Structures are given as C-alpha cells and as structure tokens.
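The sequence and the structure come first.

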Amino acid sequence: MPTETGLRSAADSVPLDWSKVRTYLAAHGHRLDADPPPRQFAGGLANLNYLIHLNGKPAVLRRPPMGELPAGAFDMAREFRILSRLPDALPFIARGLHLCDDPSIIGQRFQIIEYRPGLVIREHLPPELAHRPEVGARLSRMLLETIAAIHAVDTKAVGLDDLGRPEGFLARGVSGWRKRGLVAMQEGTESLHNDVGLWLEQHIVPDGPPALLHNDFKLNNIILDPDDFSPRAVIDWDQGTRGDPLFDFATLLSYWIHADDPPAMHDMEQMPAVEACLCSRQDAVAEYARISGSDMSDFLFHRVLAMYKLSVIFLQLGLRYRTGVTQEPRYAPLTGIGTGILEFTHEIAQGRAF
C-alpha cells in the first residue's frame with residue numbers, strides 16, 4: 001500500500017482475471033471500477049498487492065504468490081480476521097474490507113484492505129532523507145515504540161484472544177523451522193543447519209507471556225507520514241499470531257543490519273539501517289526493554305531463532321527459483337543470501353557476533 005510511485009506498469013503487473021473479480025464483487029455488493037485500471041504494487045517478493053478502485057475509492061486487493069504454497073503460509077483469512085478487528089485498538093492498522101474465501105475466482109483466496117497512502121522506505125533511504133542526522137533517531141524510536149504498542153494490545157478486547165497457539169510457541173518454532181530448513185537448504189550445508197538446530201534445542205527457554213505478534217515487522221511493512229515519520233499503517237499481517245513477544249522483536253532485529261555485518265546481511269536489502277543511521281542493535285534491545293518492561297536476559301535464544309527463520313525464508317524463496325516455480329530474476333541470488341545469513345546465525349549462536 002505505498003504511494004502510486006511504487007506501482008508497476010500495466011505490462012509488468014502479474015495478470016489477474018479482473019472481469020471475474022468484478023463479477024464476484026458485484027454479487028457481494030461492491031463495484032470494481034474499470035477506470036483507473038488495477039495496478040500491481042512494485043514492492044515485495046511474496047504476496048501480490050494491487051491498487052484498485054472499489055466503489056469509487058482506492059483500496060488494495062491482496063493475494064498470495066503464484067504457485068504451490070507452503071502449508072499455513074500466506075493465510076489471507078487469518079490476516080483478514082486481524083485487520084477487521086485490530087483497528088479498534090490501534091490507529092495505525094488499515095481495516096480489512098472484504099475476504100473472498102472462494103479460491104476459484106483467481107486461484108487463491110484474496111482480501112481487500114483499506115488504502116492508506118504515505119511514505120514507504122524500502123531497501124534504500126530516499127535521497128531526500130539522506131544526510132539528515134535526525135532521521136535515524138526518529139525512525140529508530142518509531143520502530144521500537146510501534147512494535148511495543150502492538151505487543152501491548154489487549155487481544156481479548158478486540159476478539160483476538162484465541163488467535164494462534166501461544167503454549168509451546170517457541171518449541172514449535174524450533175522444530176518447524178528446522179524441518180523447513182532441511183527441505184530448503186543449499187546442497188552441502190546440512191551440517192551447518194544441524195549445528196544451529198542443535199544449539200536451539202539445547203538453549204530453548206520458556207515461553208514469555210503471550211502477546212499479539214506481527215511476525216514480520218520491519219520498516220518496509222510500515223506506511224509512514226512523510227512529515228513526522230509516524231506510522232499511518234502497519235501492513236503484511238498474514239503471519240500474525242499470538243506468542244512470545246521477544247521473538248517478534250528479534251524478527252525486527254534480524255533486519256537491523258550494521259555496517260560490519262557479513263555481505264549476505266546487506267545483500268538481502270530489507271531495511272536500510274546503515275544508510276538511515278539507525279541506532280545499534282544493542283541500543284535497540286535496551287530501548288525496547290525500557291519501553292516494554294521486558295526482561296531480556298534470555299534474548300540470545302530469540303535472536304538466534306529469528307535469524308535462523310530469516311535464513312530459511314530466503315532459502316525457501318530461493319528454492320522456488322531452483323525448482324522452476326518462478327523465473328523472476330530477483331529470486332536467483334536468494335539461496336546464496338539465505339546460506340550467508342545461516343552462517344552469520346551460527347556466529348551469533350557461538351557468541352562471536354550479535
């Protein structure tokens with residue numbers, strides 16, 4: 001849901017059967033306008049998002065990626081449930097407007113979400129923000145305050161207290177990501193996966209008090225007010241659940257690169273922490289602890305698990321390219337990046353990096 005400058009051309013947009021979508025929506029009391037025509041947003045490697053005009057107003061149609069999907073991934077119904085309720089607690093959540101639960105319309109379930117324009121900072125800091133020394137501190141504070149606000153939501157008050165399975169959340173994370181990692185791994189890296197997996201099993205900690213988790217919170221999943229960098233919308237909730245909030249914070253930290261991090265951490269191009277002069281990871285941990293009141297004494301486990309998850313996600317995306325599910329050139333280097341992140345994860349687990 002970025003600004004219209006982040007739209008693909010009509011020729012470069014992944015095509016959908018818009019006439020079928022229009023007929024479906026008409027049967028549910030909505031008008032999909034033909035002018036202007038739908039256009040795909042340029043960002044993202046997974047879910048496909050389109051700027052549409054519904055009943056004369058801009059909105060976003062969101063669907064999973066093409067091809068076979070991993071079990072439980074890209075869950076439009078779960079995301080819609082969150083987006084239809086969470087705006088009652090947080091002003092920076094774009095409301096879900098409609099869920100199509102019929103995969104026959106476009107091949108997968110899809111949803112329509114309120115459109116909120118604004119600034120989206122992707123892999124690089126916009127030139128107009130460069131060389132402004134206050135930007136890094138303001139963005140750092142916004143990220144930490146926003147994720148802490150998400151974790152502080154009273155899920156019962158918004159009808160999300162039965163979301164996910166908080167009990168055993170961390171143990172399932174270890175076993176699940178280990179299995180996925182061995183399926184998606186690059187040839188010749190099995191021992192590295194096993195070393196990190198064994199470390200996680202040996203250092204697992206009890207689940208913290210359950211909270212609402214975004215599960216992929218980072219800068220490019222926030223639409224900002226361009227004037228003061230306050231959040232207008234936190235997007236991409238298809239992995240949302242309840243569980244240990246320190247794991248969610250560790251996921252944010254996995255994108256928070258330092259200048260001296262290994263090349264793979266820079267090559268993933270997820271968050272321009274160095275360009276924006278965000279605070280250090282260590283300072284981010286201390287500030288999140290202050291805002292949230294969290295005990296961070298066991299945080300190394302969460303950090304390693306989140307980093308391992310990140311490496312496996314890149315390996316899974318790379319596997320789509322290796323197996324021919326997609327030929328999109330952006331996917332070609334992802335296996336190498338995933339393995340590089342895995343190597344850095346091993347260094348963190350051994351105490352040689354943070």
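E134 has a relative accessibility of 31% and therefore counts as partly exposed, a class that lies between buried (under 20% relative accessible area) and exposed (over 50%), with a 1.4 Å probe and protein chains only. Its salt-bridge partner is R132, with the closest N and O atoms 2.9 Å apart, and R132 is likewise partly exposed because its relative accessibility is 32%. A salt bridge here requires a side-chain nitrogen of Lys or Arg within 4 Å of a carboxyl oxygen of Asp or Glu.

The model is predicted, so that local features need pLDDT of at least 70 and side-chain atom pairs count only at pLDDT 80 or more, while totals for chains, interfaces and linings use all residues. Residues are numbered from 1 along each chain as its sequence is written, and side-chain values use heavy atoms, with hydrogens and water left out.

**Salt bridges**

| Pair | N to O distance |
|---|---|
| R132 and E134 | 2.9 Å |
| R62 and D238 | 2.9 Å |
| D261 and R281 | 2.8 Å |

The salt bridge between R62 and D238 links distant parts of the chain, 176 residues apart, since R62 lies in strand β3 (residues 57–63) and D238 in the loop between β8 (231–234) and β9 (241–243). Helices (H or I, at least four residues) and strands (E, at least two) are DSSP runs numbered from the N terminus. R62 counts as buried because its relative accessibility is 2%, and D238 is also buried, with a relative accessible area of 5%.

The side chains of D261 and R281 also meet in a salt bridge; D261 lies in the loop between α6 (245–254) and α7 (263–267), and R281 belongs to helix α8 (residues 281–292), 20 residues apart. Both D261 and R281 are buried. Through shared partners, salt bridges join R62, E79, D236 and D238 into one network.

**Nonpolar cores**

A nonpolar core is a set of buried Ala, Val, Leu, Ile, Met, Phe, Trp, Tyr and Cys residues joined through side-chain atoms within 4.5 Å. The largest has 86 residues, and those with the most contacts inside it are L139, L143, F249 and W256. Helix α9 (residues 299–322) gives the most to this core, contributing 11 residues.

Leaving aside residues up to four places away in sequence, L143 touches F217, K218, L219, I222, L252, W256, M271 and L278, where contact means heavy atoms within 4.5 Å. A second, separate core has 17 residues, including L32, L54, I105 and I106.
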